[in-house]
Amino acid sequence: MPHITLECSENLEAATDLDALCRALHAAVLNSGMFELGAIRVRAMVARHYAVADLDPRNSFLHIHMRIGEGRPLGDIKEAGAQIFETACRQLAPLLETPHFALSLEINEINSALSWKKNAIHPRLRVAAGA
């Protein structure tokens, strides 16, 4: 389970391609080698209502919230996080050059005792991969 939710200010939609960003982050998660393809989810949620810093209407933000299952070594999680953040920085480089954009990433481990899931995608992909 790596689930990534992008939360961003509405004005960011006109400034960047959120679909391309989702695909780039999906690839970065997969390239980390830590997660199974069938578990990866990346989605963007646009905030219509927000107040950023000094309320300048040019201000925008994007927060990357990544939730993963517990049990991986902290060093591996930090390495994957750095790769994902670097991917976001590359995709959003023009915005990071402005004085009106904030980017953040947070990774949270989910307690397996408090998480329920069913995934019909895993079996299909495992068969396709010959696993």
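Trainee: How many of the chain's residues count as buried, and what makes a residue buried?
Mentor: Of the 131 residues, 38% count as buried. Buried means under 20% relative accessible area, exposed means over 50%, and partly exposed lies in between, with a 1.4 Å probe and protein chains only. This is a predicted model: local features need pLDDT of at least 70, side-chain atom pairs count only at pLDDT 80 or more, and totals for chains, interfaces and linings use all residues. Residues are numbered from 1 along each chain as its sequence is written, and side-chain values use heavy atoms, leaving out hydrogens and water.

Trainee: Why is His3 called buried?
Mentor: Its relative accessible area is 16%. The cut-off is under 20%. So His3 is buried.

Trainee: What is His3 in contact with, beyond its neighbours within four places in sequence?
Mentor: Contact means heavy atoms within 4.5 Å. His3 is in contact with Ala39, Arg41, Arg43, His65, Met66 and Arg67.

Trainee: Where in the chain's elements is His3?
Mentor: His3 is in strand β1, residues 2-9. A strand is a DSSP run of E, at least two residues; a helix is a run of H or I, at least four; both are numbered from the N terminus.

Trainee: Which order do the elements follow from the N terminus on?
Mentor: The order is β-α-β-β-α-α-β-α. That gives four helices and four strands.

Trainee: What share of contacts joins residues at least 24 apart?
Mentor: Take contacts between residues at least 6 apart in sequence. Of these, 83% join residues at least 24 apart.
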